[in-house]
Amino acid sequence: MQTLEKSSDLIDQLLSFETFAKQERPALEWLVEKSEYYSLEEGEFIFQPGDPADYMVILMKGNFLVYLERDGQRREAGIFHAGYITGILPFSRMKEVSAHGVSQERCTILQLHKRYFTEMVNASYELTQALVGFMSSRIREFSQIRFQDEKLMALGKLSAGLAHELNNPASAMVRSSEELYKNIHTTPEKFKAVITMDITPEQTDQVNGVLFSKINNLNQSSLSILEREEKMDDLLDWLDDHEVEGADDIAETYLDFGLEVEELDKLADIVSEESLPTVLKWIESTLNLEKLVVEIRESADRIAELVKAVKGYSYMDRGKSLEPTDLHEGLKLTLMILKHKLKDRRIQVSNQFADDLPMVMSLGGQLNQVWTNLISNAVEAMEPGGTLSIKTYEARQKVWIEIKDTGSGIPEENLSRIFEPFFTTKPMGEGTGMGLDIVKKIINRHDGDITVRSVPGDTTFEVWFPVSA
């Protein structure tokens with residue numbers, strides 16, 4: 001950055017910019033006199049994260065790129081040209097810079113230190129008013145960008161979670177369908193072996209009796225690992241003693257359905273020694289087909305359940321007007337959508353949902369955004385193994401929702417600021433500072449309110465809405 005000598009044409013340059021076009025020359029002369037005038041070469045930083053916000057910066061010539069670094073990635077906010085004003089402005093509460101500003105070509109800038117802002121009000125109220133108006137427009141534009149960014153971040157997290165949740169049942173369906181395909185293609189040989197057996201109708205009925213007594217028992221027994229290994233050894237020993245081929249696969253299937261050595265002894269008494277291996281393989285094949293069909297059906301049900309949850313969460317196929325809303329439904333759907341996050345961090349969930357909780361008038365999809373932000377923040381605030389508690393109740397013609405976590409808590413000096421736009425306690429690049437601001441705006445739009453109390457190990461967000469008439 002190189003200091004330049006101020007020239008008389010700076011006033012005309014300022015007048016050519018929209019923000020200063022209607023200002024009196026004496027006001028702009030004061031601005032130029034009090035400002036510092038610099039040039040920057042291509043690639044030089046005008047500001048960087050962590051720099052104190054001490055100057056209002058007016059770009060006189062050239063352009064610069066603004067970008068943020070989030071999750072190790074560079075996210076560009078835009079390229080700004082001559083006439084743009086950045087840095088701190090009159091009545092702004094900004095303390096430090098949170099983004100990078102780098103020149104894209106040779107630039108010249110005017111910098112006015114914030115210590116002159118009080119004097120500016122006396123020198124030219126109209127100039128101050130114009131700069132405050134520019135600040136309002138800048139905040140509005142930046143808020144829209146951040147709001148969209150927050151929504152995209154939330155969408156990205158939800159998409160990743162859904163992909164994770166859908167992957168498990170989808171993979172199970174693929175595995176089961178492939179196994180089913182193989183089994184079906186071996187059925188003719190097994191069928192041929194069965195129909196060529198020397199077995200009476202009475203014996204067939206007895207074999208079917210054993211089979212049908214177990215066919216609905218899939219995974220119903222709750223065996224410990226040690227108990228399962230012991231039963232597996234007993235089955236393998238029995239099958240080996242009776243010289244049955246493929247004993248490992250047969251024993252595994254029998255164990256899943258709770259078929260034990262006593263039933264095998266019964267089958268051995270029913271049919272001849274020559275027919276026993278064929279009967280045992282046929283029973284295993286039938287039970288295994290049942291297992292594969294059950295796995296495919298359960299996987300399909302899980303996928304359908306997730307799709308239904310997403311539709312309910314986003315309020316697809318519903319109008320955009322206020323309507324009576326069951327808050328429990330939204331909370332449960334949000335917990336289902338965030339299930340992967342809870343599972344990954346081993347978070348215990350304790351729900352205390354009031355019976356017959358009154359409806360509230362709301363835009364359901366927006367309230368789900370509230371629950372997502374509050375629950376996600378609570379999960380991220382806790383160490384693995386923490387507890388998330390959600391409580392609902394009715395009192396004083398209001399419906400109350402408490403969301404509590406066992407995290408480290410919010411420092412007392414930050415409690416009064418957490419609902420401010422752009423304020424975040426997260427590390428650089430991990431938060432936009434818009435989540436709780438959006439939450440508060442949505443709640444206020446529904447005539448409700450939100451408060452927070454926090455000590456280490458107990459942070460509680462308390463939300464209330466008026467009861468629907």
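Two strands are counted as paired if DSSP finds at least two bridges between them. The model shown in these views is predicted.

**View 1. Pairing of strands E14 and E16 in the predicted model.** Strand E14 (residues 398-405) and strand E16 (residues 458-466) run antiparallel and are joined by eight bridges. Within this pair, glutamate 402 stands opposite glutamate 462 of E16.

**View 2. The open five-stranded sheet, in the order E11-E13-E14-E16-E15.** The pairing in this sheet is mixed. Strand E11 (348-352) and strand E15 (449-455) each have a single partner strand and stand at the edges, so one side of each lacks a neighbour in the sheet. On average, neighbouring strands are turned by 15° against each other, direction ignored. Helix H10 (residues 327-337) packs on the sheet, where it touches E11, E13 (387-395), E14 and E16. The direction of H10 makes about 170° with that of E13.

**View 3. Packing of helix H6 against helix H7.** The axes of H6 (residues 225-241) and H7 (residues 247-256) lie 9 Å apart, at an angle of about 135°. The two helices are therefore oblique to each other, and their crossing is right-handed. Residues of H6 in the contact include Arg228, Met232, Leu235 and Leu239, while those of H7 include Ile250, Ala251, Tyr254 and Leu255. By class, the contact comprises nine nonpolar, no polar and six charged residues.

Technical notes
Residues numbered from 1 in each chain as written. Predicted model: local features only at pLDDT ≥ 70, side-chain atom pairs only at ≥ 80, totals over all residues. Heavy atoms only, no water. Helix = DSSP H or I, 4+ residues; strand = E, 2+ residues; numbered from the N terminus. Axes fitted to C-alpha atoms, helices over the stretch in contact; angles between N-to-C directions. Contact = heavy atoms within 4.5 Å. Parallel < 35°, antiparallel > 145°, perpendicular 65-115°, else oblique. Left-handed = near helix turned anticlockwise from the far one by under 90°. Nonpolar A, V, L, I, M, F, W, Y, C, P; charged D, E, K, R; others polar.
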